[in-house]
Amino acid sequence: MINDWRVSMALRMFGSASGNRLMSFIGFLSVSGLTLAVAVLVIVLSVVNGFEKELKDRVLGVLPHGTLYTRQSVFDWQSERSRVLQHADVLSAAPIVEGSGLAVNGQQLQGIQFRGINPELESEISLLPSFMLQGSIGDLGQSGFNTVIGAELAKTLGLVVGDDMTLILPNVVFSLAGPAMTTRRLHVVGLFRVGADIDKNLLLLDIGDAMKIKRQNSVDGLVVRLRDLFEAPRVLHELILSAESDDLFAVSWMRQNGNLYEAIRTQKVTMFFLLMILVAVAAFNIVSNLVMTVDDNKGEIAILKTMGASPTDLRMVFICHGMAVCMTGLAFGLAIGILLTMTLGPTYAIVSDWFGLDLMSEYFIRYLPTDIQGLDIVTICGVSLLICLGTTIYPATKAARANPVEVLAHEV
């Protein structure tokens, strides 16, 4: 195709320097504007993709995909676990005891959620063991009332491995001395860091210790890990329907984090369309560039027409010229966007450490994630090229309609 004289002329016009400084400046703005718009689009979509990926891989990898509960006072979790594991979409299941309270150390306190787990089954049901900084989940069962806490919770309370802390439950116990809060001294045997919100509000206990603290003889529920977490509502519904008892009910991860996940996906689509408007505005600068190019080359257009060039040939010349400008801006934009995206996370971490910033403290993760997806790059390229193609039609049509007689008369 490069041998086609129309394409060769379009590339020659694009690569040649113009004596008109204003035209050269407009051409520079056309490429720069499109470059900036595409780079911003790549960066924003990659950050949104990063949040979506981290929510799926980290937060939802640690939290239960679903939990089965019973309305009865006693939950026969062993037999229920055997039944649940027969379902093709269930990978694993484990008992759990849940509760909330206050973690206290000296003058420091923090509201927390605690989970009583089976240390032997935790690696099958959660990715949390892979995020341990010190100690291990197995240390929970070594002796009575050990605990594993998040690194941020430990920092807030001023704790290190080997320290003791106090857990206060909102349950009021009545005795001869009067009403009193339920408290228990816990020994810290491990720290984990997921990089998510649970680092500051989750406390793990051995399931037996958790039942003693809550003064109950049965577990609260049975957590399940699924092959596809997005099938959680369907799978849990099937598990409930197949149960022999009508006392079971289930809660999926979507009740707690589903709205957040959908919000991220909706935000990605919204940001894509909004930033595509920015690309469209930048692409319309190409119109100004092409119109000035047509005016600057009126003599050459007239000569080409007298030599037998058809209006379609001239349209092709200026469409190819406009697409060359577009592809240059698009290429630079993609390169800059991908380069900045790859360095954005480490740069944010360095700046945060230097200046003591904690801009991500209100988000469900504590760092700035990025994820460049090939489909997004292809979509950006395709839509940008279509927008640019549309902007070249008017200038190309103007060039095709030029009257060579009038042009050459004015040239003389």
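Author: On a 1 Å grid over the protein atoms alone, a cavity is a set of points where a 1.4 Å probe fits but cannot get out, and lining residues have an atom within 4 Å of a point. This is a predicted model: local features need pLDDT of at least 70, side-chain atom pairs count only at pLDDT 80 or more, and totals for chains, interfaces and linings use all residues. Residues are numbered from 1 along each chain as its sequence is written.

Reader: How many cavities of 30 Å³ or more?

Author: One. About 80 Å³ of space lies in the largest cavity. Volume here is the space filled by probe spheres set on the grid points, which are joined across faces, edges and corners.

Reader: Which residues line the largest cavity?

Author: V62, P64, A94, P95, I96, R115, I117, N118, E122, I125, S126 and V223. They divide into eight nonpolar, two polar and two charged. Nonpolar covers Ala, Val, Leu, Ile, Met, Phe, Trp, Tyr, Cys and Pro; charged covers Asp, Glu, Lys and Arg; the others, Gly among them, are polar.

Reader: Which element gives the largest share of that lining?

Author: β2, with three residues. β2 (90–105), β3 (108–117) and α4 (119–125) each supply at least two.

Reader: New topic. How many helices and strands in the chain?

Author: 12 helices and 10 strands. These are DSSP runs, numbered from the N terminus: helices are H or I with at least four residues, strands E with at least two.

Reader: What percentage of the residues is buried?

Author: 47% of the 412 residues. Buried means under 20% relative accessible area (1.4 Å probe, protein chains only).

Conventions: Side-chain values use heavy atoms; hydrogens and water are left out. On a 1 Å grid over the protein atoms alone, a cavity is a set of points where a 1.4 Å probe fits but cannot get out, and a pocket is an open set with protein on both sides within 12 Å along at least five of seven lines; lining residues have an atom within 4 Å of a point. Buried means under 20% relative accessible area, exposed over 50%, partly exposed in between (1.4 Å probe, protein chains only).
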